[in-house]
Amino acid sequence: MSSTTVQSLRERSPSSYSLKIKNFSQLENLALGSADGKYLSRLFSAGGYNWRMILYPKGNDKDNGSDFISIIYPDVESKPFNTFRSVWGLPQVLPLSTFKDPENGYVCLGQCEFGVDVIVAPPPTNWEILSFDEKLVYPYKISWPVKNIFEILGHCHTSQRFSVGGKTWAIELYPKGSKTADYNKWISIFLTAADCETLKEDEKIFTQAYLRILDPRGSNHLSRSITKCYNKSNSSWGYFRFVSIDELRNTYLDMEGVLTLEIQFDVVSTTKHSLP
């Protein structure tokens, strides 16, 4: 249980709860006689929840607080501070030697006081859920045969649109490369989310997929992965240098000069913005 201690001086008493001890030495003896060395305050209410202050006069040995004053605050109705934790505190508030030294003013004639301010933030009014494990029931594959690739007119050749995971997609093929520096040297291939313009400004589509050029003579397919978040401003991901034109000519065209592309989807997951 780690916490950051912020030290400051103030005149105002704690607003939520105060524990005044008339004889600290007697409390130490009481703690020594208990199994876990702690004192539990009475219940107090703050922010719509019930709480206790737990004081370890000799320190909480289980949390590296030996020879320190230790204080923790559990929500006794089991409504946690957050989803994972219902107890927080300070295992090392002050060294016992510092606390008990009369010159420091923490203990006066055996008397001392501990307190707490509890501020409970309201629950969130909206949130988003991003899941990375919404795998499709079966890997979804789409094949696209491209005839006469080097006779295609235009810079970009686009497949027909297809639907996967509730979204519309297309494959973009650049037979002579998409960059001027790679012109007539490399093939560029991209997977495009065709309906990204309909996404909300902060909505994202997490996608795991594989782009492939199939080997017409065997199983030596050329495969490259895409693990990306598509959004309104980034609707296309892929490879500028997917395969060189020389390798394509020698390996990946069938007897009739047909190039076969394949896309396999494993995951298509969209962020969800929710209201309570």
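How many helices and strands does the protein have? In this predicted model, there are three helices and 19 strands. Of the 276 residues in the protein, 37% are buried. The accessible surface is about 17,000 Å². Carbon and sulfur atoms account for 50% of that surface. Among contacts with a separation of 6 or more, 62% join residues 24 or more positions apart.

The nonpolar cores were examined next. The largest nonpolar core holds 34 residues. Seven residues touch the most other members: Ile149, Trp169, Ile189, Ile213, Leu259, Ile263 and Phe265. Strand 18 supplies the largest share of this core, with five residues. A second, separate core has 20 residues, including Leu27, Ile69, Leu96 and Phe114.

Neighbours within four places in sequence are left aside here. Ile263 is then in contact with Tyr140, Lys141 and Ile142, and also with Phe162 and Ile171.

Helix 3 spans residues 245-252. Its buried residues are Ile245, Leu248 and Tyr252. Seen down the helix axis, these residues fall within an arc of 85°, so they line one face of helix 3. Asp246 and Asn250 lie on the other side of helix 3, and both are exposed. What do the buried residues of helix 3 pack against? They pack against five strands: strand 14 (186-193), strand 15 (205-213), strand 16 (222-230), strand 17 (236-244) and strand 18 (259-270).

Helix 1 covers residues 24-32. Phe24, Leu27, Glu28 and Ala31 are buried in this helix. They cover an arc of only 105° around the axis, which puts them on the same side of helix 1. The face turned away from this buried side carries Gln26, Leu30 and Leu32, which are exposed. One of the buried residues of helix 1, Leu27, belongs to the second core. At the start of helix 1, a side-chain oxygen of Asn23 comes to within 3.3 Å of the backbone nitrogen of Ser25.

One residue of strand 7 was also examined. Strand 7 runs over residues 87-95 and contains Gln92. Is Gln92 buried, partly exposed or exposed? Its relative accessible area is 34%, so Gln92 is partly exposed. Gln92 and Ser66 are 26 residues apart along the chain. Their C-alpha atoms are separated by 8.2 Å.

Definitions and conventions. Residues numbered from 1 in each chain as written. Predicted model: local features only at pLDDT ≥ 70, side-chain atom pairs only at ≥ 80, totals over all residues. Heavy atoms only, no water. Helix = DSSP H or I, 4+ residues; strand = E, 2+ residues; numbered from the N terminus. Buried < 20%, exposed > 50% of the residue type's maximum accessible area, 1.4 Å probe, protein only. Contact = heavy atoms within 4.5 Å. Areas by Shrake-Rupley, 256 points an atom, 1.4 Å probe, with all protein chains shown as cover. Arc of directions from axis to C-beta. Polar contact = N/O pair within 3.5 Å; in protein donor to acceptor, adjacent residues only side chain to side chain. Core = buried A, V, L, I, M, F, W, Y, C linked by side-chain atoms within 4.5 Å.
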